[in-house]
Amino acid sequence: MLEGIEFLNKGWFWLLLLLPLAIVWYLFTVKKQTAELKISSLKGFKITTSWLARLKPVLFVLRLLALGLLITALARPRTVDVSSKTKTTRGIDIVMAIDVSASMLAKDLLPNRLEALKKVAGEFIQGRPNDRIGLVEYAGESFTKTPITSDKSIVLRSLRDIKYNTIIDGGTAIGMGLATSVNRLKDSKAKSKVIILLTDGVNNSGFIDPKIASELALEYGIKTYTIGLGTNGMALSPIAIKSNGSFQYGRVQVEIDEDLLKEIADVTGGKYFRATNNKKLAEIYGEINKLEKTEVEEFKFYNYEEKYRPLVILAALLLLLEFIMRNTIFRSFV
(Lines give C-alpha, C1' and ligand atoms only; values in the text may rest on other atoms or scores of the structure.)
Protein backbone atom coordinates (compact mmCIF):
# COMPACT_ATOMS: atom_id res chain seq x y z
CA MET A 1 0.00 0.00 0.00
CA LEU A 2 2.89 2.34 0.84
CA GLU A 3 4.93 1.26 -2.18
CA GLY A 4 6.26 4.27 -4.03
CA ILE A 5 5.37 6.67 -1.19
CA GLU A 6 8.02 8.75 0.59
CA PHE A 7 7.66 11.04 3.61
CA LEU A 8 9.28 14.46 3.38
CA ASN A 9 9.14 15.31 7.11
CA LYS A 10 9.67 11.99 8.89
CA GLY A 11 10.42 13.74 12.20
CA TRP A 12 6.71 14.27 12.79
CA PHE A 13 6.29 10.53 13.31
CA TRP A 14 7.80 10.95 16.78
CA LEU A 15 4.43 12.40 17.78
CA LEU A 16 2.92 8.94 17.29
CA LEU A 17 4.49 8.10 20.66
CA LEU A 18 1.73 10.25 22.16
CA LEU A 19 -0.93 7.77 21.07
CA PRO A 20 0.05 4.97 23.51
CA LEU A 21 0.28 7.59 26.28
CA ALA A 22 -3.22 8.80 25.37
CA ILE A 23 -4.53 5.22 25.56
CA VAL A 24 -2.96 4.71 29.00
CA TRP A 25 -4.41 8.04 30.17
CA TYR A 26 -7.86 7.07 28.88
CA LEU A 27 -7.81 3.70 30.66
CA PHE A 28 -6.99 5.41 33.95
CA THR A 29 -9.62 8.16 33.63
CA VAL A 30 -12.46 6.40 31.82
CA LYS A 31 -14.38 5.66 35.03
CA LYS A 32 -14.12 9.25 36.19
CA GLN A 33 -15.76 10.48 32.99
CA THR A 34 -19.10 8.89 33.94
CA ALA A 35 -21.26 10.33 36.71
CA GLU A 36 -21.77 7.98 39.70
CA LEU A 37 -24.69 7.66 42.11
CA LYS A 38 -24.24 5.61 45.25
CA ILE A 39 -27.35 4.09 46.87
CA SER A 40 -27.74 1.47 49.55
CA SER A 41 -29.75 -0.97 47.47
CA LEU A 42 -30.98 -1.54 43.92
CA LYS A 43 -34.13 -3.31 45.10
CA GLY A 44 -37.17 -1.79 43.53
CA PHE A 45 -35.22 -0.65 40.42
CA LYS A 46 -35.52 -2.33 37.08
CA ILE A 47 -32.02 -3.14 35.87
CA THR A 48 -31.37 -2.60 32.17
CA THR A 49 -28.13 -2.33 30.21
CA SER A 50 -27.68 0.30 27.49
CA TRP A 51 -25.70 -0.53 24.35
CA LEU A 52 -24.85 3.18 24.02
CA ALA A 53 -22.83 3.04 27.21
CA ARG A 54 -20.78 0.18 25.81
CA LEU A 55 -20.13 2.07 22.58
CA LYS A 56 -18.95 5.17 24.35
CA PRO A 57 -15.19 4.31 23.83
CA VAL A 58 -15.83 4.72 20.08
CA LEU A 59 -15.58 8.47 20.60
CA PHE A 60 -12.05 8.12 21.96
CA VAL A 61 -11.07 5.75 19.13
CA LEU A 62 -12.34 8.24 16.53
CA ARG A 63 -10.35 11.06 18.10
CA LEU A 64 -7.25 8.82 18.32
CA LEU A 65 -7.52 7.82 14.66
CA ALA A 66 -7.94 11.46 13.64
CA LEU A 67 -4.81 12.40 15.59
CA GLY A 68 -2.83 9.61 13.92
CA LEU A 69 -3.98 10.72 10.48
CA LEU A 70 -3.04 14.35 11.19
CA ILE A 71 0.45 13.32 12.35
CA THR A 72 0.90 11.26 9.18
CA ALA A 73 -0.27 14.21 7.09
CA LEU A 74 2.31 16.46 8.81
CA ALA A 75 4.99 13.98 7.67
CA ARG A 76 4.10 14.99 4.06
CA PRO A 77 3.51 11.67 2.28
CA ARG A 78 3.95 11.89 -1.47
CA THR A 79 4.62 9.69 -4.46
CA VAL A 80 7.59 10.28 -6.75
CA ASP A 81 7.53 9.46 -10.43
CA VAL A 82 11.08 9.56 -11.83
CA SER A 83 11.64 9.60 -15.56
CA SER A 84 15.05 9.92 -17.18
CA LYS A 85 16.31 10.92 -20.57
CA THR A 86 19.84 10.17 -21.74
CA LYS A 87 21.54 12.42 -24.24
CA THR A 88 24.89 11.65 -25.81
CA THR A 89 26.61 14.99 -26.04
CA ARG A 90 29.97 13.90 -27.40
CA GLY A 91 30.12 10.92 -29.73
CA ILE A 92 33.36 9.26 -30.80
CA ASP A 93 34.09 7.62 -34.15
CA ILE A 94 36.70 4.86 -33.85
CA VAL A 95 38.49 2.82 -36.50
CA MET A 96 40.43 -0.25 -35.40
CA ALA A 97 43.27 -1.01 -37.84
CA ILE A 98 44.27 -4.66 -37.40
CA ASP A 99 47.41 -6.31 -38.74
CA VAL A 100 46.46 -9.67 -40.32
CA SER A 101 49.87 -10.73 -41.58
CA ALA A 102 51.04 -14.32 -41.03
CA SER A 103 53.10 -13.29 -38.01
CA MET A 104 49.83 -12.55 -36.18
CA LEU A 105 49.49 -16.34 -35.86
CA ALA A 106 52.48 -16.44 -33.50
CA LYS A 107 51.74 -18.27 -30.26
CA ASP A 108 53.36 -15.95 -27.71
CA LEU A 109 49.78 -14.88 -26.89
CA LEU A 110 47.17 -17.59 -26.42
CA PRO A 111 45.91 -19.21 -28.55
CA ASN A 112 47.70 -16.83 -30.94
CA ARG A 113 48.09 -13.08 -31.38
CA LEU A 114 45.16 -12.64 -33.76
CA GLU A 115 42.64 -14.62 -31.69
CA ALA A 116 43.76 -12.92 -28.48
CA LEU A 117 43.27 -9.54 -30.15
CA LYS A 118 39.82 -10.45 -31.45
CA LYS A 119 38.67 -11.43 -27.96
CA VAL A 120 39.88 -8.22 -26.31
CA ALA A 121 38.73 -6.01 -29.18
CA GLY A 122 35.27 -7.59 -29.02
CA GLU A 123 34.96 -6.68 -25.33
CA PHE A 124 36.13 -3.15 -26.15
CA ILE A 125 33.47 -2.77 -28.85
CA GLN A 126 30.70 -4.01 -26.55
CA GLY A 127 31.79 -1.44 -23.98
CA ARG A 128 31.26 1.48 -26.41
CA PRO A 129 27.45 1.52 -26.92
CA ASN A 130 27.30 5.23 -27.81
CA ASP A 131 30.11 5.31 -30.39
CA ARG A 132 30.46 4.37 -34.04
CA ILE A 133 33.19 1.84 -34.84
CA GLY A 134 34.77 0.60 -38.06
CA LEU A 135 37.37 -2.05 -38.92
CA VAL A 136 40.35 -1.94 -41.28
CA GLU A 137 42.49 -4.96 -42.16
CA TYR A 138 46.02 -4.63 -43.43
CA ALA A 139 49.04 -6.77 -44.24
CA GLY A 140 50.99 -5.97 -47.44
CA GLU A 141 48.02 -3.80 -48.44
CA SER A 142 44.88 -2.66 -46.66
CA PHE A 143 41.12 -2.51 -47.09
CA THR A 144 38.03 -1.54 -45.08
CA LYS A 145 36.44 -4.54 -43.41
CA THR A 146 33.55 -2.51 -41.93
CA PRO A 147 32.80 1.22 -42.38
CA ILE A 148 32.12 3.14 -39.18
CA THR A 149 28.69 2.18 -37.90
CA SER A 150 26.68 2.32 -34.68
CA ASP A 151 25.42 -1.25 -35.27
CA LYS A 152 27.69 -3.21 -32.94
CA SER A 153 26.35 -6.56 -34.11
CA ILE A 154 27.74 -5.91 -37.60
CA VAL A 155 31.12 -4.83 -36.23
CA LEU A 156 31.36 -7.84 -33.90
CA ARG A 157 30.40 -10.23 -36.67
CA SER A 158 33.04 -8.72 -38.97
CA LEU A 159 35.62 -8.93 -36.19
CA ARG A 160 34.91 -12.64 -35.71
CA ASP A 161 35.36 -13.19 -39.44
CA ILE A 162 38.84 -11.68 -39.49
CA LYS A 163 41.51 -14.31 -40.13
CA TYR A 164 44.77 -14.74 -41.92
CA ASN A 165 44.32 -15.32 -45.64
CA THR A 166 46.46 -15.33 -48.75
CA ILE A 167 44.24 -12.84 -50.60
CA ILE A 168 46.02 -9.87 -49.05
CA ASP A 169 49.66 -9.50 -50.10
CA GLY A 170 52.16 -10.54 -47.46
CA GLY A 171 54.14 -8.07 -45.42
CA THR A 172 53.21 -5.29 -43.02
CA ALA A 173 52.10 -2.00 -44.60
CA ILE A 174 51.62 0.18 -41.52
CA GLY A 175 51.37 3.31 -43.66
CA MET A 176 48.64 1.75 -45.81
CA GLY A 177 46.65 0.59 -42.79
CA LEU A 178 46.85 4.02 -41.19
CA ALA A 179 46.01 5.87 -44.43
CA THR A 180 42.94 3.69 -45.05
CA SER A 181 41.77 4.35 -41.49
CA VAL A 182 42.24 8.10 -41.97
CA ASN A 183 40.22 7.91 -45.17
CA ARG A 184 37.33 6.30 -43.28
CA LEU A 185 37.33 9.07 -40.66
CA LYS A 186 38.26 12.24 -42.55
CA ASP A 187 34.65 13.16 -43.39
CA SER A 188 33.29 12.22 -39.97
CA LYS A 189 31.28 14.91 -38.15
CA ALA A 190 31.97 13.37 -34.74
CA LYS A 191 33.40 15.55 -31.99
CA SER A 192 36.29 13.11 -31.56
CA LYS A 193 37.93 10.77 -34.10
CA VAL A 194 40.24 7.96 -33.02
CA ILE A 195 42.32 5.25 -34.70
CA ILE A 196 43.60 2.22 -32.78
CA LEU A 197 46.38 0.77 -34.90
CA LEU A 198 47.83 -2.59 -33.93
CA THR A 199 50.81 -4.36 -35.45
CA ASP A 200 53.35 -7.00 -34.52
CA GLY A 201 56.07 -6.07 -37.00
CA VAL A 202 57.83 -3.35 -38.94
CA ASN A 203 56.70 -1.37 -41.96
CA ASN A 204 58.10 -3.37 -44.88
CA SER A 205 55.44 -3.06 -47.56
CA GLY A 206 52.99 -0.66 -49.18
CA PHE A 207 53.49 2.58 -51.08
CA ILE A 208 52.43 5.07 -48.38
CA ASP A 209 54.98 6.24 -45.84
CA PRO A 210 53.63 5.87 -42.27
CA LYS A 211 54.92 9.36 -41.42
CA ILE A 212 52.90 10.87 -44.26
CA ALA A 213 49.84 8.92 -43.13
CA SER A 214 50.30 10.24 -39.57
CA GLU A 215 50.50 13.81 -40.89
CA LEU A 216 47.21 13.22 -42.70
CA ALA A 217 45.69 12.01 -39.43
CA LEU A 218 46.93 15.17 -37.72
CA GLU A 219 45.48 17.36 -40.49
CA TYR A 220 42.02 15.83 -40.04
CA GLY A 221 42.19 15.95 -36.25
CA ILE A 222 42.37 12.18 -35.82
CA LYS A 223 44.08 10.87 -32.70
CA THR A 224 45.97 7.59 -33.13
CA TYR A 225 46.72 5.04 -30.43
CA THR A 226 49.34 2.51 -31.53
CA ILE A 227 49.87 -0.95 -30.06
CA GLY A 228 52.93 -3.14 -30.57
CA LEU A 229 51.87 -6.76 -30.11
CA GLY A 230 54.40 -9.46 -29.26
CA THR A 231 56.60 -10.77 -26.50
CA ASN A 232 60.14 -9.63 -25.85
CA GLY A 233 62.68 -11.98 -27.43
CA MET A 234 61.73 -15.10 -29.38
CA ALA A 235 58.24 -16.28 -30.27
CA LEU A 236 56.87 -19.44 -31.85
CA SER A 237 55.82 -18.10 -35.27
CA PRO A 238 54.93 -19.43 -38.75
CA ILE A 239 58.09 -19.91 -40.84
CA ALA A 240 56.80 -22.04 -43.73
CA ILE A 241 53.73 -23.70 -45.20
CA LYS A 242 53.62 -27.50 -45.28
CA SER A 243 52.40 -29.50 -48.25
CA ASN A 244 49.02 -29.98 -46.57
CA GLY A 245 48.54 -26.20 -46.30
CA SER A 246 49.21 -25.93 -42.55
CA PHE A 247 51.93 -23.75 -41.08
CA GLN A 248 55.26 -24.95 -39.84
CA TYR A 249 56.29 -23.09 -36.69
CA GLY A 250 59.71 -22.10 -35.44
CA ARG A 251 61.33 -19.76 -32.95
CA VAL A 252 61.56 -16.28 -34.48
CA GLN A 253 62.93 -13.03 -33.07
CA VAL A 254 60.11 -10.53 -32.39
CA GLU A 255 60.78 -7.27 -34.22
CA ILE A 256 58.46 -4.31 -33.69
CA ASP A 257 59.28 -0.82 -34.95
CA GLU A 258 58.49 0.84 -31.64
CA ASP A 259 60.15 4.11 -32.63
CA LEU A 260 57.80 4.44 -35.60
CA LEU A 261 54.71 3.57 -33.54
CA LYS A 262 55.71 6.07 -30.85
CA GLU A 263 56.21 8.77 -33.47
CA ILE A 264 52.79 8.13 -35.04
CA ALA A 265 51.15 8.37 -31.61
CA ASP A 266 53.08 11.51 -30.64
CA VAL A 267 52.34 13.34 -33.89
CA THR A 268 48.60 12.71 -33.67
CA GLY A 269 48.23 13.29 -29.92
CA GLY A 270 47.73 9.64 -29.08
CA LYS A 271 49.76 7.16 -27.07
CA TYR A 272 51.90 4.09 -27.74
CA PHE A 273 51.42 0.79 -25.89
CA ARG A 274 53.31 -2.49 -25.87
CA ALA A 275 51.37 -5.71 -25.32
CA THR A 276 53.57 -8.67 -24.46
CA ASN A 277 50.84 -11.04 -23.24
CA ASN A 278 47.07 -11.49 -23.07
CA LYS A 279 46.68 -9.69 -19.76
CA LYS A 280 48.69 -6.68 -20.92
CA LEU A 281 46.68 -6.48 -24.13
CA ALA A 282 43.41 -6.40 -22.16
CA GLU A 283 44.83 -3.70 -19.86
CA ILE A 284 45.81 -1.57 -22.86
CA TYR A 285 42.32 -1.63 -24.36
CA GLY A 286 40.93 -0.90 -20.90
CA GLU A 287 43.18 2.16 -20.62
CA ILE A 288 42.19 3.40 -24.08
CA ASN A 289 38.57 2.91 -23.07
CA LYS A 290 39.16 5.20 -20.07
CA LEU A 291 41.10 7.78 -22.08
CA GLU A 292 38.42 8.08 -24.77
CA LYS A 293 35.22 8.63 -22.84
CA THR A 294 31.96 9.51 -24.53
CA GLU A 295 30.20 12.25 -22.60
CA VAL A 296 26.68 11.09 -21.77
CA GLU A 297 24.30 13.55 -20.15
CA GLU A 298 21.38 12.14 -18.20
CA PHE A 299 18.35 14.25 -17.35
CA LYS A 300 16.04 13.11 -14.56
CA PHE A 301 12.54 14.48 -14.16
CA TYR A 302 10.76 14.19 -10.79
CA ASN A 303 6.98 14.44 -10.59
CA TYR A 304 5.77 14.72 -6.99
CA GLU A 305 2.15 14.08 -6.02
CA GLU A 306 1.20 15.14 -2.49
CA LYS A 307 -0.85 12.60 -0.53
CA TYR A 308 -1.48 14.48 2.74
CA ARG A 309 -4.77 16.12 1.67
CA PRO A 310 -6.92 12.94 1.80
CA LEU A 311 -5.51 12.23 5.28
CA VAL A 312 -6.46 15.70 6.53
CA ILE A 313 -9.94 15.40 5.05
CA LEU A 314 -10.46 11.96 6.60
CA ALA A 315 -9.21 13.21 9.99
CA ALA A 316 -11.61 16.16 9.80
CA LEU A 317 -14.51 13.82 9.00
CA LEU A 318 -13.63 11.59 11.96
CA LEU A 319 -13.49 14.59 14.30
CA LEU A 320 -16.79 15.86 12.91
CA LEU A 321 -18.36 12.44 13.41
CA GLU A 322 -17.01 12.32 16.96
CA PHE A 323 -18.40 15.80 17.67
CA ILE A 324 -21.84 14.93 16.29
CA MET A 325 -22.05 11.64 18.19
CA ARG A 326 -20.85 13.26 21.41
CA ASN A 327 -23.55 15.93 21.18
CA THR A 328 -26.41 13.71 20.00
CA ILE A 329 -26.70 10.02 20.80
CA PHE A 330 -24.00 10.05 23.50
CA ARG A 331 -25.00 13.34 25.05
CA SER A 332 -26.61 11.70 28.08
CA PHE A 333 -23.48 9.64 28.79
CA VAL A 334 -20.76 12.21 28.35
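Helices (H or I, at least four residues) and strands (E, at least two) are DSSP runs, numbered from the N terminus. What you see is a predicted model, in which local features need pLDDT of at least 70, side-chain atom pairs count only at pLDDT 80 or more, and totals for chains, interfaces and linings use all residues. Residues are numbered from 1 along each chain as its sequence is written, and side-chain values use heavy atoms, with hydrogens and water left out.

Let us begin with the helices. Two packed helices are described by the angle between their axes and the distance between the axes. Axes are lines fitted to C-alpha atoms, for helices over the stretch in contact, and angles run from 0 to 180 degrees between N-to-C directions. Helix α1 (residues 18-29) packs with α3 at an angle of about 165°, their axes being 11 Å apart. Contact means heavy atoms within 4.5 Å; here Leu 19, Ala 22, Ile 23 and Tyr 26 of α1 touch Pro 57, Phe 60, Leu 64, Leu 67 and Gly 68 of α3.

Helix α3 (residues 57-74) also packs with helix α10 (residues 308-326), at an angle of about 160° and with axes 8 Å apart. These two helices are therefore roughly antiparallel as well. Among the residues that meet are Leu 62, Leu 69 and Ala 73 in α3, and Leu 311, Leu 318 and Met 325 in α10.

The UniProt record, an unreviewed entry, annotates residues 12-30, 51-75 and 308-325 as "transmembrane region"; such annotations may be inferred rather than shown by experiment. In the model, the span 308-325 is 100% helix and 0% strand, and its end C-alpha atoms lie 26 Å apart.

Now look for the sheet. Six strands form an open sheet in the order β5-β4-β3-β6-β7-β10, with mixed pairing; two strands pair if DSSP finds at least two bridges between them. At the edges are β5 (142-149) and β10 (272-275), each pairing on one side only. Neighbouring strands of this sheet are turned by 15° against each other on average, direction ignored.

Within the sheet, β3 (residues 92-99) and β4 (residues 132-138) pair in the parallel sense over seven bridges, and Ile 98 stands opposite Glu 137 in β4. Helix α5 (residues 152-161) packs on the sheet, touching β3, β4 and β5, and its direction makes about 155° with that of β5.

Key: Parallel < 35°, antiparallel > 145°, perpendicular 65-115°, else oblique.
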